[in-house]
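Have your viewer ready and follow along, one selection at a time. Each stop says what to pick and what you will find there.

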Amino acid sequence: MISIRETIITDIDDIIRIHLSSFNKSHFTANFSPQMLHSYFECLLKSCPQSFIALSDDKIVGYVFGGLNPLEGVDHFIKKNFWKIILVFFKSPQFIKEKIVEKFFDTGFSIKDYKNIPTIYIIAVDPFFRLGIGTKLIENFEKRIRSENLFEYQLSVRKDNDKAIKFYENNGFYRTLTKRTSFCYNKSLK
Ligand SMILES: CC(C)(COP(=O)(O)OP(=O)(O)OC[C@H]1O[C@@H](n2cnc3c(N)ncnc32)[C@H](O)[C@@H]1OP(=O)(O)O)[C@@H](O)C(=O)NCCC(=O)NCCS
């Protein structure tokens with residue numbers, strides 16, 4: 001049986017397990033060490049009060065991190081792990097170009113735009129449990145933001161992530177922006 005509850009800090013090791021089995025090495029954070037990922041999710045959790053995990057019986061099988069300003073957590077993580085992140089760039093230089101493009105050329109959706117509209121920053125489900133759990137996680141996220149009188153939210157997804165794009169479009173998201181590396185989506189709950 002699947003149940004959903006709020007994420008707590010002791011869930012992070014399981015979240016890392018799911019993260020590493022859900023994202024391949026073309027995803028920047030999948031190149032982080034487990035210790036860096038721990039710090040990453042710890043920082044995200046602090047800036048994402050609308051975060052949930054899915055449990056199948058007692059096993060954690062999915063997670064979603066969301067909040068009004070998730071990038072605050074990302075900024076904090078970068079400050080805490082600056083040199084370790086630089087080392088990841090040295091080991092995987094293909095990300096240097098990607099991050100320069102995102103930072104300087106993908107204008108139109110910046111840190112400022114994240115504020116005041118809740119954002120799903122990241123969502124993933126254990127590949128062996130992809131049977132409607134992603135949908136359940138976003139339903140819980142939506143229930144929470146509705147209870148806080150918030151009726152719209154946003155996210156962005158990489159252009160090459162066909163499975164996630166299909167998932168969002170099947171779940172009522174509409175595309176608001178096309179950037180060089182990603183698409184932005186919104187969903188209205190009214
Ligand atoms: C994107 C993602 C989170 C979606 O989660 P999900 O659990 O796979 O999504 P769904 O809730 O749509 O469930 C998947 C399938 O189970 C089906 N399903 C729903 N309820 C079901 C049930 N009770 N029994 C069996 N199947 C069921 C759905 O119809 C769907 O089928 P489809 O893929 O043929 O449309 C997941 O694919 C994932 O983790 N991807 C990797 C990480 C990622 O890219 N994240 C997004 C970018 S941040």
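**Stop one: paired strands**

Select E5 and E7: these strands run antiparallel and are joined by seven bridges. (Strands are DSSP runs of E, at least two residues, and helices are runs of H or I, at least four, numbered from the N terminus; two strands pair if DSSP finds at least two bridges between them.) Across from Cys 184 in E7 you will find Ser 156. E6 and E7 make a hairpin, with three residues between them.

A note before moving on: this is a predicted model, where local features need pLDDT of at least 70 and side-chain atom pairs count only at pLDDT 80 or more, while totals for chains, interfaces and linings use all residues. Residues are numbered from 1 along each chain as its sequence is written.

**Stop two: the core**

Next, select Val 64 and Leu 137, which touch the most other members of the 37-residue largest nonpolar core. (Such a core is a set of buried Ala, Val, Leu, Ile, Met, Phe, Trp, Tyr and Cys residues joined through C-beta atoms within 7 Å; buried means 20 or more other C-beta atoms within 10 Å of a residue's own, with C-beta atoms placed from the backbone.) E4 gives the most to this core, six residues.

**Stop three: the ligand**

Finally, select the ligand: 17 residues surround it, and the closest include Arg 130 and Gly 132. (A residue is near if its C-beta atom, placed from the backbone, lies within 6 Å.) Which element supplies the largest share of this shell? E4 does, with four residues.

Methods:
A residue is buried if 20 or more other C-beta atoms lie within 10 Å of its own, exposed if 12 or fewer, and partly exposed in between; C-beta atoms are placed from the backbone. A residue is near a molecule or strand if its C-beta atom, placed from the backbone, lies within 6 Å of it.
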